[in-house]
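Biologist: I'd like to go through this one with you. Can you put it up, please?
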Amino acid sequence: MGRRLAGLALSAAAALLLSACSNEAAPTNEASSGTGNGDGNGKISITLMHRYQASNIGKSPEDTAVLDGVERFKKDFPNVTLVEEQLQNEDYAIKAQALAAADDMPDVFIVPGSWMTNFVDNEIVLPLNGELDKRAAWRDGYRSGTLDAGTRDGKVYGIPIAAGPTHLIYYNADLFTDIGYDHFPATWDEVMDAGRKLADKGVNLFSYGDKSKGYAMSSWISALTDRHTGPEWTESILSGGGAAFTDPGFVNAISIMSDLSKAGYLNKDMNSVDGDTMVSYYFEGRSAAFVSGIWSAMNIVNNAPEAVREATKVAVFPGVAGGKGNPLASSGGAGVYYSVHAGIEPGPKLDAIMTLLEYMTGSQSAKLMAEVGGFPAFDPGEFDTTKLHPVALAAYEASAAADATKIFDLWFDASIVEVINTEIQGVMSGSKTPAQLAEAAQQAYETFLARP
């Protein structure tokens with residue numbers, strides 16, 4: 001294994017059986033009959049390791065849809081033996097990295113987008129372009145940009161599962177109505193005005209929880225920076241094209257967060273509580289809003305007190321004066337991928353694996369995921385929206401309408417991500433300035449660019 005594997009780190013952005021007739025493409029007759037390569041007796045056996053749990057079916061859209069695809073595959077292709085290992089998120093991260101370091105990965109496994117470069121550089125994952133080209137309808141059904149974080153140098157190494165924003169604002173419309181707003185504030189002056197009026201009532205504008213050091217970048221910084229700079233700045237950073245973290249747009253984005261904290265419009269324990277506590281503050285009425293991804297919609301539907309659930313609406317950050325970004329954009333896209341072990345050769349087994357992946361992530365899985373409140377990477381087309389609670393439907397519609405901009409922690413080098421994740425906590429506590437964070441990030445960036 002190469003030296004890069006030592007630096008693998010799971011992204012924060014990356015954090016659940018209805019049987020029906022399948023309309024996915026079937027594998028070839030040879031694969032479906034279990035003949036060809038495999039165990040030496042003409043049988044095909046596929047090892048699959050993932051982090052979806054049967055106990056989360058009906059609770060998590062991703063778990064529900066992916067595991068439904070697994071069960072449909074088992075039913076339709078009983079002669080293909082599927083050896084499945086389900087792990088909890090943290091257990092998966094630990095085991096996957098250990099197996100990767102030992103060059104002992106299973107046939108099919110999950111790769112967070114932030115791991116992909118390491119896995120590609122160390123030849124752990126198989127390029128899938130040729131196999132996808134055989135299945136053009138499936139390949140072309142993915143939403144724009146969702147294949148990107150699983151692609152390197154034009155080669156697709158990962159099949160995305162879910163997509164959608166890491167940035168949505170869930171807000172209690174009743175609390176905003178009480179202070180004179182019949183909508184979420186449309187400008188940053190209005191945001192600060194609403195914060196002041198809510199503070200007068202003893203309510204925080206936003207609850208915020210960055211104990212894990214990743215929430216800020218995923219749900220706030222990526223979107224706020226794009227509001228100021230537009231996507232061109234991000235692309236320039238990624239290509240080494242001349243943009244810098246000390247540019248005004250990035251500094252101004254961090255300054256918005258700093259201003260909210262200094263004004264007292266966030267909970268004071270923001271750096272020491274996690275996402276669950278952040279949401280609980282909203283449920284308890286201690287905050288009027290919180291910022292999170294689409295995954296929080298079903299948390300609200302399933303767990304919020306009725307009055308809070310029925311008052312919740314969905315918005316995104318306002319644009320900024322002179323900003324170059326789309327004011328309706330959200331940081332988003334796919335962050336987690338299914339990949340295939342590089343040792344799998346073309347033939348019946350690979351054909352069966354690709355069919356399994358289509359069952360888990362393709363059209364039927366996508367439709368089910370959307371109907372239970374998720375945002376699939378594959379475009380589900382028309383689906384029964386009457387099954388969705390208004391909060392889940394609003395989150396889906398906001399996700400579908402938003403231009404997806406890059407989630408920084410999936411794209412920036414881990415060394416840069418670590419610096420920003422650490423420094424933003426200092427900014428929010430008042431011990432660092434936005435300019436100091438920018439300088440530290442730029443130094444880490446220049447060190448990264450100078451690597452051989």
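Modeller: One term to start: buried means under 20% relative accessible area, exposed over 50%, and partly exposed in between (1.4 Å probe, protein chains only). W115 is buried, at a relative accessible area of 0%.

Biologist: What kind of model is it?
Modeller: It is a predicted model, where local features need pLDDT of at least 70 and side-chain atom pairs count only at pLDDT 80 or more, while totals for chains, interfaces and linings use all residues. Residues are numbered from 1 along each chain as its sequence is written, and side-chain values use heavy atoms, with hydrogens and water left out.

Biologist: How many aromatic pairs are there in the whole structure?
Modeller: A search finds 28. Rings of Phe, Tyr and Trp (its six-membered ring) pair if their centres lie within 6.5 Å; planes under 30 degrees apart count as stacked, over 60 as edge-to-face and the rest as tilted. W115 and F119 are stacked, with 5.7 Å between centres and 25° between planes.

Biologist: And F119, buried or exposed?
Modeller: F119 is buried, at 0% relative accessibility.

Biologist: What about W220 and F317?
Modeller: Their ring centres are 5.1 Å apart and the planes are at 55°, so that pair is tilted. Both W220 and F317 are buried. They also belong to a cluster linked by ring pairs, including Y171, F176 and W188.

Biologist: New topic: charges. Which ring does R286 sit over?
Modeller: The charged end of R286 is over the ring of Y281, 3.9 Å from its centre. The rule is that NZ of Lys or CZ of Arg is within 6 Å of the ring centre and within 35 degrees of the ring normal.
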